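Welcome! Here is a short tour of one structure, taken a piece at a time. Have a look at the picture, then read on.

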Amino acid sequence: MDPVDWKVFRRQAHELLEDLLSHIEERPERDVWTEPPPSDSAAELFPEIGEGLEGIRERLRTEILPYDLGNLHPRFFGWIHGAGTPGAILAAAAEAALNTNAGGRDHVGTRLEHQVLRWFAGQFGFPDVASGILTTGTSLANVIALAVAREQAFPGIREAGPTALTGRPRIYVSEEGHLSIPKAAELLGLGRNAVVPVAVDDELRMRPDALLDELRRAHAAGDRSVAVVASLGTASTGSIDPLEAIADIAREFGVWLHTDAAFGGLVVLSDELRPLAAGVERSDSIAFDFHKWMHVPYSAGCVLVRDPDRHLAAFGGRPGYLRGAEHGPAGAPVRWPMELGPELSRGFRALRVWWPLIEHGRKGVAEQVERSVTLADELADLVEAGDSFQLLHRPDLQIVVFRALGGRTEEGEIDELNRELVRRLQRDGVVLPSETTVRGRVGIRIAITNHRTTAEDLRILMSAIEREVETIDQ
């Protein structure tokens with residue numbers, strides 16, 4: 001499958017790279033989102049005879065690039081998606097050029113992953129011996145962390161399965177916790193009913209007193225507490241649970257403490273914002289993403305585990321065909337990643353994480369995180385300054401939730417107005433928010449994650465909402 005003529009291939013490849021760079025550079029000039037046309041049949045989509053790079057280039061320009069989700073656009077506010085960088089294109093190309101399986105053995109893929117993990121463990125205040133593995137994202141990282149917690153709570157469950165369960169398993173997470181936690185409970189054979197929702201306070205943060213009550217209730221009933229899951233930035237509002245207080249309670253009861261820090265965890269890179277994560281260093285495990293606030297190409301997440309032996313106990317073991325050696329490619333000065341998670345075949349994710357840290361440095365990454373938080377505060381101020389809006393949640397991080405009132409006073413009417421506003425704004429393409437519910441009220445959710453977003457984009461957002469309210473009222 002190599003080119004017949006490398007010179008021609010190089011020219012075509014450079015032209016294609018120019019198209020991709022232009023796509024990023026010119027993306028703000030187009031609508032945030034454009035509905036894709038109806039899909040062709042598979043027979044029409046895939047040709048019998050290959051079209052080469054020229055055919056691919058044309059198809060990219062007409063069938064693929066115009067119909068992305070929009071997360072590269074500075075006014076994509078809907079969900080917490082990374083916006084990518086021009087350098088990330090080159091990182092992905094370098095990763096593909098190496099085509100490394102980072103599941104194990106001794107090569108740059110396993111060694112660089114170990115270095116990346118050690119560096120981030122230090123940023124989170126974990127010991128130098130801490131274990132970890134790069135994942136597809138926090139959803140899988142949460143599964144891995146809870147698998148380690150499950151093995152601690154029910155020793156031998158890897159071999160014995162459900163017969164090792166001694167008491168009903170319990171995993172505690174706030175009412176605002178992420179969907180991946182009950183999914184992890186399903187995948188780990190504990191069942192969704194194992195997940196205990198813990199009440200939150202007015203700021204949508206887990207209430208330590210409510211957690212204490214749930215743990216006492218479980219202890220009295222003879223249940224087995226597997227883990228407490230704290231959130232360093234909930235998906236809906238970005239709320240940060242009181243990590244120090246939760247750590248005190250988890251330690252008192254001897255329960256594994258896992259912190260879901262999907263995007264909020266990267267505040268540890270900022271000298272200014274690091275205090276928001278106070279207490280995270282007391283976790284037994286931490287899960288977070290690189291493809292959100294660090295804008296690494298999808299997908300790249302991470303799980304860190306304080307105790308390396310417990311991590312290995314949950315996933316370790318090699319068959320004969322993966323036996324190691326003292327020297328050569330079958331050796332390795334570090335544990336093979338395949339012994340620390342479910343995958344053997346794994347991409348070279350460490351390269352795409354290493355790349356922006358080398359290109360921009362810790363401070364460069366931290367500055368754009370800080371900027372998002374500042375813009376969120378500015379948007380909250382804009383909302384509070386107007387009579388026609390109501391702030392539903394003051395941001396802990398970079399998510400602002402508010403609603404337009406449009407002269408309405410009945411709650412049901414206000415909810416329907418904001419649902420319709422989000423639908424119209426998403427279709428119109430000027431801005432792209434999403435919808436969420438805060439204390440039973442429907443709100444417009446603005447997640448400011450894109451490093452290209454400016455204060456002017458926020459003013460455009462507010463103007464677009466006001467125009468749509470007027471159109472609805474006509």
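Predicted model: local features only at pLDDT ≥ 70, side-chain atom pairs only at ≥ 80, totals over all residues.

The crossing of α4 past α12 is right-handed. Which residues of α4 and α12 meet there? From α4 come Gly 87, Leu 90, Ala 91, Ala 94, Glu 95 and Leu 98, and from α12 come Arg 349, Leu 351, Arg 352, Trp 355 and Glu 359. By kind, the residues of this contact are 6 nonpolar, 1 polar and 4 charged.

Now let's turn to the sheet. Strands of a sheet pair through backbone hydrogen bonds, either parallel or antiparallel. Here 4 strands make an open sheet with antiparallel pairing, in the order β8-β9-β11-β10. At the edges are β8 and β10, each pairing on one side only. From one strand to the next, the twist averages 45°.

The strands have these residue ranges:

| Strand | Residues |
|---|---|
| β8 | 389-393 |
| β9 | 399-404 |
| β10 | 434-438 |
| β11 | 441-447 |

How many bridges join β10 to β11? There are 5, and the two strands run antiparallel. Thr 437 stands opposite Val 442 in β11.

The sheet has a helix packed on it as well: α13 (residues 411-428), which touches β9, β10 and β11. The direction of α13 makes about 115° with that of β9.

Terms used: Residues numbered from 1 in each chain as written. Heavy atoms only, no water. Left-handed = near helix turned anticlockwise from the far one by under 90°. Contact = heavy atoms within 4.5 Å. Nonpolar A, V, L, I, M, F, W, Y, C, P; charged D, E, K, R; others polar. Pairing = 2+ DSSP bridges. Axes fitted to C-alpha atoms, helices over the stretch in contact; angles between N-to-C directions.
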